[in-house]
Amino acid sequence: SNVSQLMAQEGDKVYQDNKGTSDDDTAISWMVDTGFHFPLGGPYELEFVKMIIYTQYGRGMQVRYKLYGTPWTSSKQWQGSLSDIENDVTELFFKKTASDVPKIGRGIAFQITSANTELEPVVEKIDVFWQLTTVKGL
């Protein structure tokens with residue numbers, strides 16, 4: 001499969017929460033929406049295989065995704081959580097079982113949420129692994 005890097009920029013830091021994560025011991029929730037990422041551009045349909053998310057203090061973050069240009073009606077709709085982040089480097093698969101429908105689309109977006117009262121989380125980068133399925137006419 002192929003890999004595209006999403007979110008990493010100069011200095012490898014994309015999002016860092018402001019200092020302080022609680023208000024009188026109540027967690028302050030935050031969310032990052034990456035917007036759509038198109039690894040090969042418009043006419044290419046890809047099967048998204050897995051992602052690797054690199055974080056600092058990211059344990060417990062939740063990751064959701066949505067696909068752009070899918071052959072199904074779920075295009076541009078948030079899908080359920082892939083999983084919670086467990087480690088600084090976490091690998092998440094789009095197909096959880098062999099019978100799952102392949103996650104096909106032209107682009108992908110991620111939404112990362114957290115409500116942590118202990119440490120300021122950092123999302124360093126996201127690697128997205130995919131394979132080419134078809135080329136659609138323009």
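**Reading the features**

Guide: Begin with a charge over a ring: the charged end of K125 sits over the ring of Y54, 4.7 Å from its centre. Keep in mind that this is a predicted model.

Visitor: Which residue lies over the face of F129?

Guide: That residue is K50, placed 4.7 Å from the ring centre of F129.

Visitor: Is K50 buried or exposed?

Guide: The cut-off for buried is under 20% relative accessible area. K50 has 18% relative accessibility, so K50 counts as buried.

Visitor: How should I read a salt bridge, and how many does the whole structure hold?

Guide: Side chains of opposite charge can pair when their charged atoms come close. A search of the whole structure finds two salt bridges. In one of them the side chains of K50 and E91 meet, at 2.5 Å from N to O. This pair links distant parts of the chain, with K50 in strand β6 and E91 in strand β9 (residues 89-93), 41 residues apart. E91 has a relative accessible area of 40% and is partly exposed, whereas K50 counts as buried.

Visitor: Which residue forms a salt bridge with R59?

Guide: The partner of R59 is E86, and their closest N and O atoms are 3.4 Å apart. E86 lies in the loop between β8 and β9, while R59 lies in the loop between β6 and β7, so the pair ties together parts that are 27 residues apart in sequence. E86 is partly exposed, with a relative accessible area of 39%. R59 counts as exposed, at 58% relative accessibility.

Visitor: How do I read the order of strands in a sheet, and which strands form the open one?

Guide: Read the order across the sheet, from neighbour to neighbour. Here four strands form an open sheet in the order β5-β11-β7-β8, with antiparallel pairing. β5 and β8 stand at the edges with a single partner strand each, so one side of each is left without a neighbour in the sheet.

Visitor: How many bridges join β5 to β11?

Guide: Four bridges join β5 to β11, and the two run antiparallel. As an example of a partner, V32 is bridged to I112 in β11.

Visitor: What about the pairing of β7 with β11, and of β7 with β8?

Guide: β7 and strand β11 (residues 107-114) pair in the antiparallel sense over seven bridges. Strand β7 (residues 62-68) is joined to strand β8 (residues 83-84) by two bridges, and these two strands also run antiparallel. Individual residues show the arrangement. K66 has A109 in β11 as its bridge partner. Q62 stands opposite T113 in β11, and Q62 also stands opposite D84 in β8.

Visitor: Which side chains of β5 point to one face, and which to the other?

Guide: The side chains alternate along β5. For the protein as a whole, buried residues make up 38% of the 138 residues.

Visitor: Now the aromatic rings. How do I read a ring pair, and how many pairs are there?

Guide: Look at the distance between the ring centres and the angle between the planes. The structure holds six aromatic pairs. The rings of F36 and F38 have their centres 6.2 Å apart and their planes at 35°, so this pair is tilted. Elsewhere, ring pairs link F48, Y65, F94 and F110 into a cluster.

Technical notes:
Residues are numbered from 1 along each chain as its sequence is written. This is a predicted model: local features need pLDDT of at least 70, side-chain atom pairs count only at pLDDT 80 or more; totals for chains, interfaces and linings use all residues. Side-chain values use heavy atoms; hydrogens and water are left out. Rings of Phe, Tyr and Trp (its six-membered ring) pair if their centres lie within 6.5 Å; planes under 30 degrees apart count as stacked, over 60 as edge-to-face and the rest as tilted. A charge sits over a ring if NZ of Lys or CZ of Arg is within 6 Å of the ring centre and within 35 degrees of the ring normal. Two strands pair if DSSP finds at least two bridges between them. A salt bridge is a side-chain nitrogen of Lys or Arg within 4 Å of a carboxyl oxygen of Asp or Glu. Buried means under 20% relative accessible area, exposed over 50%, partly exposed in between (1.4 Å probe, protein chains only).
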